[in-house]
Amino acid sequence: APKTISRPSRTMARFSPLVLALALLAPVVTAFTVQRTPSFVRKHAGATTVSMALGDADEPIVLIGVAADSGCGKSTFMRRLVQNFGGSNVGPLGGGFGNGDGWETNTLVSDDVTVICLDDYHLNDREGRKVTKRTALDGAENNFDLMYEQLAALKSGKSIKKPIYNHVNGTLDTPEEIKPTNIVIVEGLHPFYDERVRELMDFSVYLDISDEIKFAWKIQRDMEERGHSLESIQASIESRKPDFDQFVGPQRAYSDLVISVLPTDLVADDVGKTLKVKMIQREGVDNFDPVYLFDEGSTISWVPCGKKLTCSFPGIKFAYGPDVYFDKEVSVLEMDGKFDNLQELIYVESHLSNTATKFYGELTQQMLKLSDAPGSDNGTGFFQTLCALKIREIYEKITSKKVAADPISA
């Protein structure tokens, strides 16, 4: 039988890169608060009482799924997403080392958001996978029964005792308690693999990085920064590809929105410095109206470089139009190239509709807040930010609550 190692107690250790990246948001998100407006009020014994039990029909919990391979920008996207809701307290579950009682965790919590890493639902630990000879990408190496049971419980307003996969030493640690919050985001390799889990999602996002860009990025990280050989990098990518194509990639067909990162068409580029990025938006999704450029449903190619948008070589090109993706009707918004000056992004923003912004220039402001994050000068950051704003809008439609945005902070 596969070997499963359980640690007897939580251990003081390093946090996952996602938790560390998101914890840095604490000073950023204080301008965003959820204004709770109960949609259900009932009379009882002559007095007015308000039903506010989180998870009830009148106080729904919104569940968002984000699928992606490792190294595909999940951490940065989570930062862009959480900053729309965060509240005043953002950090790792348990508070981290500062309170003297922290443990290795992959979970981020704030006043209104919980981010759960689905790696915690690995069926076996690292040693156990050596016995089964399966990778973590294999669907059989994930406990979907428990994943479904616990996410359904959390969505209904119940606390859960979630496992912890310790990325430092590859063990399954003592479970941690997760309490329900207004928004629960689950991110990882398999959020839409299991139909039961998939049906729980209120909105699904897939971060899709082409093989060419994955290779270019991995060379930059592992060869230039870690001293790995080109041959070892190529072997690592090739060894993962069959399982990725079989178990992870097909989830694109179940996603409401896909951010696809591709090589540029503007210039020859083997190192992935210039990117073409598509935001593929499924039509007919509840509570979601696709973003469009100029005229909804039209087919447009636009080069905005000129007096209002500075473009160094090779320039910037936008495109928009209808398409079919995995047999579903979609609207596709595309950007090829990079921005020289993020302040000028407001010119592009002014030509987009259905952006879910609350005031003129909010999209540009959100980009500026994370201007130092990867992808902030190209379509990855641009479309991640647009997607985050749309998810905020979806949350408001489902819950009848309003998320306050501060137009002054930047």
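The second largest cavity holds about 40 Å³ of space. The structure shown is a predicted model. Lining this second largest cavity are Leu118, Asp119, His122, Asn142, Met147, Leu189 and His190. By class, that lining has three nonpolar residues, three polar residues and one charged residue.

How many cavities of 30 Å³ or more does a search of the whole structure find? The search finds two. The largest cavity has a volume of about 60 Å³. Its lining consists of Arg252, Ala253, Ser255, Asp256, Val258, Ile280, Arg282, Tyr325, Phe326, Lys328 and Val330. Two strands, S13 (275–282) and S17 (328–337), each contribute at least two residues to the lining of the largest cavity. Sorted by class, the residues around the largest cavity are six nonpolar, one polar and four charged.

| Space | Volume | Lining by class |
|---|---|---|
| Largest cavity | about 60 Å³ | six nonpolar, one polar, four charged |
| Second largest cavity | about 40 Å³ | three nonpolar, three polar, one charged |

Helix H10 (residues 379–399) takes part in two helix contacts, described in turn.

Helix H9 (residues 362–369) and H10 have axes that come within 10 Å and cross at roughly 120°. H9 and H10 are therefore oblique to each other. Their crossing is right-handed. On the H9 side the contact involves Glu362, Leu363, Gln366 and Met367, which meet Gly381, Phe382, Thr385, Leu386, Leu389 and Arg392 of H10. Five nonpolar, three polar and two charged residues make up this contact of H9 with H10.

Helix H2 (residues 74–82) packs with H10 at an angle of about 40°, and the two axes are 8 Å apart. H2 and H10 are therefore oblique to each other. The crossing of H2 and H10 is right-handed. From H2, the residues Thr76, Phe77, Arg80 and Leu81 meet Gly381, Gln384, Thr385, Cys387, Ala388 and Ile391 in H10. By class this contact has five nonpolar residues, four polar residues and one charged residue. Gly381 and Thr385 of H10 are named in the contact with H9 and also in the contact with H2.

Which residues does a cis peptide bond join? The bond lies between phenylalanine 313 and proline 314, with omega at about 10°. Proline 314 sits in the loop between strand S15 (300–302) and strand S16 (316–325).

Phenylalanine 294 is not a glycine, yet it has a positive phi of about 65°. The residue is found in the loop between strand S14 (292–293) and S15.

Terms used:
Residues are numbered from 1 along each chain as its sequence is written. This is a predicted model: local features need pLDDT of at least 70, side-chain atom pairs count only at pLDDT 80 or more; totals for chains, interfaces and linings use all residues. Side-chain values use heavy atoms; hydrogens and water are left out. Axes are lines fitted to C-alpha atoms, for helices over the stretch in contact, and angles run from 0 to 180 degrees between N-to-C directions. Helices (H or I, at least four residues) and strands (E, at least two) are DSSP runs, numbered from the N terminus. Angles under 35 degrees count as roughly parallel, over 145 as roughly antiparallel, 65 to 115 as roughly perpendicular and the rest as oblique. A crossing is left-handed if the near helix is turned anticlockwise from the far one by less than a right angle, and right-handed if clockwise. Contact means heavy atoms within 4.5 Å. Ala, Val, Leu, Ile, Met, Phe, Trp, Tyr, Cys and Pro count as nonpolar, Asp, Glu, Lys and Arg as charged, and the others, Gly among them, as polar. On a 1 Å grid over the protein atoms alone, a cavity is a set of points where a 1.4 Å probe fits but cannot get out, and a pocket is an open set with protein on both sides within 12 Å along at least five of seven lines; lining residues have an atom within 4 Å of a point. Grid points are joined across faces, edges and corners, and a volume is the space filled by probe spheres set on the points.
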